[in-house]
Amino acid sequence: MVFNVELPHVGESVTEAVIGKWLKAPGDQIEKYDPLVEVITDKVNMDVPSPASGTITKIIAQEGETVLMGAVIAEMETADGEVSAAETSEPAASEASPSLSAGRIGTLVQGANVGPTGGEFVDTSLTSTKSTASTANLGDSVGSSSRQRGFSPVVTRLAAQHSVELSSLVGTGLGGRVTKKDVLAAVEAGGAGLVSASDQDVSGSEQVIDPTPIRRMIANHMVKSVMEIPHAWSAVEVDVTGMVAWHKANRSGFETRHGVRLTYLPITLAVVASSLKANPRLNSTWLDGKIVLKKAINVGVAVAAEEGLVVPVIHFAADSSIVELAGELDGVVMRARSGSMTLEDVQGGTFTLNNTGALGSIWGGAIINHPQAAILTTEAIVKRPVVVSDGETDSVVVRSMMNICLSFDHRIVDGAEASEFLQSVKSGLEAINLDSELE
Amino acid sequence: MPEQTVIEAVRETMQAEMRRDDSIILLGEDVGSRGGVFLASDGLIDEFGENRVIDTPLAESSICGVALGTAVNGMRPIAEIQFADFVWPAINQLVGEASKVRYGTGGAKTAPMTVRIPYGGGVRGGLYHSQSIEVLFAHTPGLSVVAPATPYDAKGLLASAIRSDDPVIVLEHKRTYRLVKGDVPTEEYTIPIGKAEIKRPGTDLTIFTYGLMLHYALQAAEMATAAEIDVEVLDLRTLRPLDEDAIAESASRTGKALIVQEDTPAVSISSEVAAIIGERCFFDLDGPITRLGPPEIPPMPFSPLQEAAFMPSPEKILAAITKLAEI
């Protein structure tokens, strides 16, 4: 029997994915759970296992195509007895002039007598608004079940007419639906959404690159964050001379004892996690007009992988020792760089830490990892002459200094709370010295 | 320009037309010495006499049968049905016979008759004084059905109906009779049958409606400005033939259609408008074609609270506007 292969729901907040490479072609035999197709989401790349054993008969979603979770991506022929998910579940909900003078239209006479012979009339129709009976026939398709089932006819037509790349637009409609207005705004702006560059003559001085799926995902994610979250920024400088000294003194012993690399990252991560514990507002999300505080402190760590930025998550970071953090970071960064991350590796982040200093940066205004409340960058550690006060005496000394820069969702916190958090991280890092017991 | 209520516009239009054309007669229950149950023909018997303003027995089949007989023999009768709820005995004369005269005689005969029918609820009329009966006639080829909602439209469309060489059903919403007041030019004018009118231009969505609901829709559109929703309101005015071009033009322009009616929605005017929009505007739609109407129960409850719950209201329309606009 024909079996519809649907794109499985792979994780929280993932609504769509890009089809990567089909590992089987029509005609191929496949066993249940064998890898069938590679998909790319904005969080992770993964192999989708075959939901049944049988023969692939048709590939519906082509490589590079963006499809919604739950959509049928292929058909296969199975032996009798295998029942398609689509057949067992409930049927899916339906996919989803001239201005007139007021006088011409007329005005309503207050308290007008309207009985058959002009008798007195008591109007109750305007005072009762609670009834639901009369809206019973308001098209059910307006309900939640139909949202986000694709683009409306006019959106599709306008996009084709004006060469707008719909997947690059951020929808303002219900559930992020791209509306007619969104397309017209993109045409008006003549900007991001237009794909005209690849269609039209491009002079020899320009080269047009089709972004990879993951590049496009990153782009959409960034636009969404900037569109939705009112960003504000704050930065402090941290004297990390003590931390640098501790790291230098303990690094090789640590690596011998524990078998994992020791960078500055697990140290800052531990301090950041404990500061988040003390400032729970920074570990939250803005959801439908409410602030949702997250109990778990799961810190995402931005990693520059070959194809682009990925953000593996260190779960329950506040409950781990530096040794444990170093071990987890080591593993996850390696998996990120080799493109072998699991969903678990990228899910559930509540805050993001980005060590931009590794690239030599000394200041940054990062874009928040939507829908989190804030992102912190640790910048390059540089030796600088610093004025140090010892009682009455000021002197200029050479210290290892590092800037830390926070981007925060101003709906959730104000500058005062952001500064409190930054001061907490700063004092936590500055407290480290050669005598510290960090293991 | 004098201000009139709908009922005054109806009365003066009949009077002016009867002065203009001697072949026009008026017949119905109590239309003579009583002046009509709503006083639509008040005083006309004094001016035109018993031969042109005829009190009939309580027999709607007779009223419409006589109207049809006089019409095919050269007169221009205006029949009044006291309440739409009483029109059922005359269905044979109207749907079964009058609608077929021109076609059935190969154009040799026509039936230039007007049937005025007060309809609609919101007047605490209960089951037998509140019905919306437009669908029965609007479904019938050979009949025209108009439903003016303003004094201006009442005059222009009634004049067109009286002058039409084919039968026209004029539906007057009885709630609007003394509720709606507006400018009506003294001079004679007609409004073409089959022409809708945009009563309020807008850009975000269009409400398609008629009758009393026009006024509720306009109120709701005004309320929606608070949420910066710019609502267009199109008054269908004629229910057969529907102004398909105007409907399609507006729906295509705004991309979202909300159809509001007082009649129960199943197999109704709103079904037809939705079909037109679906057929002609598919590639311009940016939301589901949406209908707002009362629940599917035999209209209409007598209890004031239940009647209010049954009838669409500006608040209910506003809720539908908001929902559709947000999509």
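A: Let's begin with B:F310, which is found in helix α11 (residues 304-310) of chain B (helices, H or I, of at least four residues and strands, E, of at least two are DSSP runs, numbered from the N terminus). This is a predicted model, in which local features need pLDDT of at least 70 and side-chain atom pairs count only at pLDDT 80 or more, while totals for chains, interfaces and linings use all residues. Residues are numbered from 1 along each chain as its sequence is written, and chains are lettered from A and ligands numbered from 1 in the order in which they are written.

B:F310 counts as buried because it has 24 C-beta neighbours inside 10 Å (20 or more other C-beta atoms within 10 Å make a residue buried, 12 or fewer exposed, and anything in between partly exposed, with C-beta atoms placed from the backbone).

Now step back to chain B as a whole. It holds twelve helices and 14 strands, and 64% of its 327 residues are buried. Of the contacts in chain B with a separation of 6 or more, 79% are between residues 24 or more positions apart (a contact has C-beta atoms, placed from the backbone, within 7 Å).

Next, look at B:P241, in the loop between β12 (238-240) and α9 of chain B. The peptide bond that leads from B:R240 to B:P241 is cis, and its omega is near 0°. On the α9(B) side you will find B:E244, B:I247, B:A248 and B:A251, which meet B:V273, B:I276, B:I277 and B:R280 of α10(B).

Another stop in chain B is B:R124, in the loop between β5 (114-119) and α6 (134-138). B:R124 is not a glycine, yet it has a positive phi of about 55°. With 22 other C-beta atoms within 10 Å, B:R124 is buried.

Chain A also has a residue of this kind: A:S163, not a glycine, has a positive phi of about 50°. A:S163 sits in the loop between α3 (153-161) and α4 (180-189) of chain A, and it is partly exposed, with 15 other C-beta atoms within 10 Å.

Chain A has eleven helices and 19 strands, and buried residues make up 31% of its 439 residues. Helix α8 (residues 265-278) of chain A packs against α9(A) at an angle of about 120°, their axes 9 Å apart. A:L265, A:P266, A:I267, A:L269 and A:A270 of α8(A) make this contact with A:I322, A:L325, A:A326 and A:L329 of α9(A). Among the buried residues of α9(A) are A:L325, A:A326 and A:L329. Just after α9(A) comes A:G339, with a positive phi of about 70°.

Finally, visit the loop between β17 (351-354) and β18 (374-390) of chain A, the place of A:P371. A:H370 and A:P371 are joined by a cis peptide bond with omega of about 5°.

Terms used: Contact = placed C-beta atoms within 7 Å. Axes fitted to C-alpha atoms, helices over the stretch in contact; angles between N-to-C directions.
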